[in-house]
Amino acid sequence: MKIEAAANLPELKAIIQKSKRFDLIFSILGFLALLLAVMTFVVLFAQMAITGWERISPEFFTNFPSRRAGSAGILSALVGSILVMLVTAFAAIPLGVGAGIYLEEYAPKNLLTDIIEINVTNLAGVPSIVYGLLALGVFVYGFGLGQSILTAGLTLALLILPIIIVATRESIRAIPQHIREAAYGMGATKWQVVKDHIVPYSLSGILTGIIIGLSRAIGETAPIITIGALTFIAFLPPSPVGAEFPWINFEWLSSGFTVMPIQMFNWTSRPDEAFQVNAAAAGFILVLLTLSMNALAIFLRYRLRKNISW
Amino acid sequence: MQHMPTSLENEVQETPLSLKAEAKDFSFYYGDFKAIKSVSLPIYEKKVTALIGPSGCGKSTLLRSFNRMHDLYPNTHYQGNIDFYPDATNLLDPKVDPIEVRMRVGMVFQKPNPFPKSIFENVAYGLRLRKDKSKSYIEGRVEQALKDAALWDEVKDRLHNQATALSGGQQQRLCIARCLATDPELLLFDEPTSALDPIATASIEDLIHQLKEKVTILIVTHNMYQATRVSDFTAYMFMGELVEFGETTQIFNTPQRAETEAYITGRFG
């Protein structure tokens with residue numbers, strides 16, 4: 001028996017060809033959009049690297065800012081950024097992860113929880129200068145913490161809290177319900193389910209959120225300026241670790257400080273052209289820092305997710 | 001309405017039936033919707049009882065009440081009793097901790113759901129929840145559970161590999177082993193083979209046959225032939241009601257109710 005081809009086969013083929021044209025058009029447009037985004041960044045980054053390259057040397061990392069561009073370095077800014085990040089991480093990680101777990105696993109599903117949820121997401125969209133003003137009122141004057149590393153760290157922690165909460169919730173939500181049921185079915189309590197299953201299985205997403213949050217915080221300028229960070233600092237905060245008992249001290253928390261983006265801002269606003277080179281070099285280091293933090297996030301996500309599947 | 005078993009003709013020297021659990025006038029609500037309507041059902045010790053019926057008849061809902069799984073979700077409530085023997089505890093009593101119920105009643109789910117941990121850690125999880133610390137004791141129990149679940153020979157050389165790398169049938173037997181490690185008194189199966197191929201299905205059914213020597217089993221199945229193959233008693237449910245309960249041979253050969261007959265002969269459902 002011979003099977004006849006459908007009579008309208010040529011017609012069908014023409015329709016398919018026509019429809020496929022849109023695939024082509026969209027993939028070209030999409031590729032161009034991607035190229036535009038990536039190229040803009042690459043060009044900016046390359047220009048910064050080229051301009052700043054002559055200034056990058058070991059001394060650039062070990063010198064304090066100076067009146068002479070050639071011998072000005074980022075030591076105080078780099079140390080300041082690292083210490084501020086330390087405070088931010090210590091404050092934002094437990095609060096953000098804890099809030100995310102609570103909202104997802106413990107909170108009763110009611111109107112109040114819904115309102116909190118919506119507002120957490122909204123907080124991520126609040127301009128960072130508003131956080132600066134809040135911190136100036138609450139931390140600097142209200143709690144009397146002064147224009148210190150502690151204030152800056154807590155301010156940035158508030159700023160990235162929503163990012164960490166949202167990332168925590170998203171990655172907890174990716175755990176299928178049947179895995180929870182398996183654990184509860186064995187007789188696990190809520191806390192045992194959280195500690196044995198929910199946290200380990202969502203760790204890659206949580207860590208990614210934390211790192212993305214911290215890499216956002218490290219580049220923030222506006223709130224730090226608002227709380228009154230110094231722009232010219234030729235000293236380091238007291239060392240957190242000492243030779244004498246109890247080996248760690250917390251004096252550094254109340255020390256004045258500057259951070260990388262503020263140092264950059266300071267240099268770009270100088271009339272002397274030579275400082276532009278310093279600003280570019282500092283910018284290059286800052287972007288490199290952010291990029292390597294993101295790379296770490298990608299690496300951790302890959303490593304931790306390798307063994308997790310349902 | 002219920003046909004109570006009289007004698008088991010083809011099995012000589014059968015020990016007398018004793019109750020392991022009994023639903024008494026049990027109803028269940030999702031919000032205002034009454035999903036189970038005054039069901040009374042005996043579960044006999046060391047027997048396999050199958051729950052059959054069309055989709056949405058409430059058989060899974062009934063099964064999940066036996067380990068208080070519904071407590072995990074808001075807006076659900078139980079009415080009536082599910083008495084559990086020998087201590088005659090009403091599993092649904094609000095004073096009875098659902099954690100305690102789930103430690104006594106194991107559950108195997110429709111989709112194999114091993115934890116993304118090692119094979120060993122999956123089976124040991126129930127022991128860890130019971131705070132068992134002795135390494136040799138845990139190892140012994142894990143080995144025995146895997147043997148009882150007919151999985152030991154396939155996994156003994158790779159106990160520390162990821163459980164999720166096993167095939168679907170192996171994963172389901174691992175989930176059974178995970179329950180067996182803590183000696184549950186009642187084992188619930190919620191359509192345990194619906195996600196498996198025919199060969200894996202046959203191995204799970206064989207396993208259920210062997211397990212009933214040790215543990216009481218309640219199984220929900222979509223497949224009527226499976227009910228005839230694995231169960232001693234069958235309950236037919238429809239629209240949240242228990243239509244007929246009896247020995248499996250009786251239900252399938254001489255159903256007392258016209259609805260049951262319509263369903264098992266494939267004229268409906």
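## Domains of chain A

The centres of domain 1 of chain A and domain 2 of chain A, taken over C-alpha atoms, are separated by 34 Å. The assignment places domain 1 at residues 9–53 and domain 2 at residues 56–305; such bounds come from an automatic or database domain assignment. Six residues from domain 1 of chain A and seven residues from domain 2 of chain A take part in the contact between them, where two residues are in contact if their C-beta atoms, placed from the backbone, lie within 7 Å. On the side of domain 1 that touches domain 2, four residues are nonpolar, two are polar and none is charged. In this grouping Ala, Val, Leu, Ile, Met, Phe, Trp, Tyr, Cys and Pro count as nonpolar, Asp, Glu, Lys and Arg as charged, and the others, Gly among them, as polar.

## Model and confidence

This is a predicted model, in which local features need pLDDT of at least 70, side-chain atom pairs count only at pLDDT 80 or more, and totals for chains, interfaces and linings use all residues. Residues are numbered from 1 along each chain as its sequence is written, while chains are lettered from A and ligands numbered from 1 in the order in which they are written.

The pLDDT, the predictor's confidence in each residue from 0 to 100, averages 89 in chain A, with 97% of the residues scoring at least 70. For chain B the mean is 90, and 94% of its residues reach 70 or more. Residues 4–12 of chain B stay under 50, and the model has four contacts for them beyond four places in sequence. Where pLDDT is low, the predicted coordinates should not be read in detail. For the complex, the predictor gives an ipTM of 0.90 and a pTM of 0.84.

## Chain A as a whole

Chain A has eleven helices and zero strands; helices (H or I, at least four residues) and strands (E, at least two) are DSSP runs, numbered from the N terminus. Its radius of gyration is 26 Å, well over the 19 Å that the globule rule gives for 310 residues, so chain A is more spread out than a compact globule. The radius is taken over C-alpha atoms, and the rule is 2.2 Å times the number of residues to the power 0.38. The C-alpha atoms of chain A fill a box of roughly 95 × 55 × 35 Å along the principal axes.

## Chain B as a whole

Chain B contains ten helices and ten strands. Its radius of gyration of 18 Å is close to the 18 Å from the globule rule for 269 residues, so chain B is as compact as a globular protein of that length. Its C-alpha atoms fill a box of roughly 55 × 40 × 35 Å, taken along the principal axes.

Strand β1 (residues 19–30) of chain B pairs with strand β4 (residues 76–84) of chain B in the antiparallel sense over eight bridges; pairing requires that DSSP finds at least two bridges between two strands. Tyr78(B) in β4(B) is the bridge partner of Phe28(B). β4(B) also pairs with strand β5 (residues 89–90) of chain B, in the antiparallel sense over two bridges. These two strands form a hairpin with four residues between them, and Ala88(B) in the turn has a positive phi of about 55°.

## Where the chains meet

The contact between the chains takes 18 residues from chain A and 18 residues from chain B. On chain A, α7 (177–185) and α8 (190–219) each supply at least two residues of the side that touches chain B. α7(A) gives the most, with six residues. This side of chain A divides into eight nonpolar, eight polar and two charged residues.
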